[in-house]
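Hi everyone, thanks for making time today.

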Amino acid sequence: MRNSTSSRPVALAPGPDVPVRPSRLTASVTLPAVPESVPRLRATGRALVRSRRLPADVAEALSVIVTELVTNAVLHSGSADVSVLFEVCESALTVRVRDWGRWRERTAPRREPADVDAAFGRGLDLVDAFAVDTTVVRSPDGTLVEAVIAL
């Protein structure tokens, strides 16, 4: 069951009475699973990083992770929507990407030497390179991928 059905990114800048680094901050956004949602969700993540005054390398890692995971959901899940949950605590930034589709199998097996120069197809390898922990849970109700960035 989905709790967040907003089609607009959540405002993430803290107000005047909100501390810049609360112990836990979460933001959730659900958008249609279309290519145009990828940059919007990436921008939401960058706004979160700015609001928390986190280092530039965290912004880069989060941008890559959001781009790869949301793109995977858009291209492979067949889901109508994709949800992204950002959670920040003192030691980590966790991003969870959720879809409600069924993953489509590759039409052809991966051919490592031929795929080395491909423009895409490295999603989870890139996520793993930037995250300290990555978890993928597939079920009949869709897929949830969680990636943790150490702060």
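I'll talk about a helix, the core around it, and a pair of strands.

First, some housekeeping. This is a predicted model, where local features need pLDDT of at least 70 and side-chain atom pairs count only at pLDDT 80 or more, while totals for chains, interfaces and linings use all residues. Residues are numbered from 1 along each chain as its sequence is written, and side-chain values use heavy atoms, with hydrogens and water left out.

Let's start with helix 2, residues 56-76. Helices here are DSSP runs of H or I with at least four residues, strands are E runs of at least two, and both are numbered from the N terminus. Of its 21 residues, 15 are buried, so helix 2 is largely enclosed by the rest of the structure. Buried means under 20% relative accessible area with a 1.4 Å probe, protein chains only. After helix 2 comes Gly 78, with a positive phi near 75°.

Now the largest nonpolar core, which has 31 residues. Such a core is a set of buried Ala, Val, Leu, Ile, Met, Phe, Trp, Tyr and Cys residues joined through side-chain atoms within 4.5 Å. Among the residues touching the most other members are Leu 62, Ile 65 and Phe 86. Helix 2 gives this core its largest share, 10 residues.

What is Ile 65 in contact with, leaving aside its neighbours within four places in sequence? Val 95, Val 127, Phe 130, Ala 131, Ala 147 and Ile 149, where contact means heavy atoms within 4.5 Å.

Finally, strands 4 and 5 run antiparallel, joined by 7 bridges; strands pair if DSSP finds at least two bridges between them. A hairpin of 2 residues links strand 4 to strand 5, and Arg 138 stands opposite Thr 143 in strand 5.

Note on methods: The expected span of a helix is 1.5 Å times one less than its number of residues. Buried means under 20% relative accessible area, exposed over 50%, partly exposed in between (1.4 Å probe, protein chains only).
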